[in-house]
Amino acid sequence: MQPRNMSMSGVVDLAAVKAAQEAKSKAEQARAEAARQGGGGAVTPASLVIDVDEAGFEQDVLQRSTEVPVVIDFWAEWCEPCKQLSPLLERLAVEYNGRFVLAKIDVDANQMLMQQFGVQGIPAVFAVVAGQALPLFQGAAAEAQIRGTLDQLVQVAEQRFGLTGLTVDADAGPGEPPAAREVPAGPYDALLEAAVQALDAGDFGGAVQAYKNVLADDPGNTEAKLGLAQAELLQRVQGLDPQRVRREAAEKPGDVAAQIAGADLDLVGGHVEDAFGRLIDTVRRTAGDDRDAVRVRLLELFEVVGADDPRVVAARRALARALF
């Protein structure tokens, strides 16, 4: 099975923005408390891979996730794909040098944890960041794909929650990363970071402007284009009355503005197929400028979710059928 990559930079629920901000604050408080008590020192490479059971889950995973992302590997002795994936994840945990910790959970001995995470088959890989669980992928996967997912995880953990990882004692044993792993900051890192901070603070207008500043000099910047689409969506729905919008969308199927607003709310709430379906149905019922306005908004929502998402691929085909 191909990995089901997470999409943490995709659709953002308005409630999730607040939750992320609260989680970041709790993580900062936990790190400050650990520092006050003398914790937070260097760790050994061996401590980057740990076995976790139900009794130690809260401390070893939930509390630890306020300092560093915790990647969870659900495995079992009888699982053949696990025998390929687990050693790879262990090697990457050491190579990433404290950017994440790998927690290995034997599903045969920890059925309750397996059920709580909704694991349908193994191997299954999740992450916990600042106490929030995120699905990463299920099944064996190529190393390049896994690296891409881990890179995204550590980037979001740092940008959204301020989790920069653990300090590893290089003298404690093997596992030091290549010296070339540090990458110089790009020319737009400060502007992109300002945009992320504005999003976290609920300043959607500020985030929009920060992303536009990047795109003014670098129109092809993928991160800025995705971030701008998200920020503009959140800015549009910020002052809406959800009940009124949904009522008008239900009562006025021919009202283009009502359907567009309804689709925005659908997407912000995570109802991706509903948002796409609403606008595609509206395209079928309209013509001229009205149809073009709906089509443009639908393309904007595609940008929010991401061109590679299978729901976007399917909706593009449906849009083509509706138009032609």
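Tutor: A salt bridge is counted when a side-chain nitrogen of Lys or Arg lies within 4 Å of a carboxyl oxygen of Asp or Glu. The model is predicted, so local features need pLDDT of at least 70 and side-chain atom pairs count only at pLDDT 80 or more, while totals for chains, interfaces and linings use all residues. Residues are numbered from 1 along each chain as its sequence is written, and side-chain values use heavy atoms, with hydrogens and water left out.

The structure holds 17 salt bridges. One of them joins Arg147 to Glu143, with 3.0 Å between the closest N and O atoms. Both residues belong to helix α5 (residues 143-161) and sit four residues apart, about one turn of the helix; helices are DSSP runs of H or I, at least four residues long, numbered from the N terminus. Arg147 is partly exposed at 21% relative accessible area, and Glu143 is partly exposed at 27% (buried is under 20%, exposed over 50%, partly exposed in between, with a 1.4 Å probe and protein chains only).

Arg236 and Asp264 form another salt bridge, 2.9 Å from N to O. Arg236 lies in helix α8 (residues 222-237) and Asp264 in helix α10 (residues 256-268), so this pair ties together parts 28 residues apart in sequence. Arg236 is partly exposed at 26%, whereas Asp264 is buried at 3%.

Asp266 pairs with Arg246, the closest N and O atoms being 3.0 Å apart. Asp266 is in helix α10 and Arg246 in helix α9 (residues 242-251), so parts 20 residues apart in sequence are tied together. Asp266 is buried at 5%, while Arg246 is partly exposed at 37%.

Finally, salt bridges with shared partners link Arg91, Glu95, Glu143 and Arg147 into one network.

Technical notes: Helices (H or I, at least four residues) and strands (E, at least two) are DSSP runs, numbered from the N terminus.
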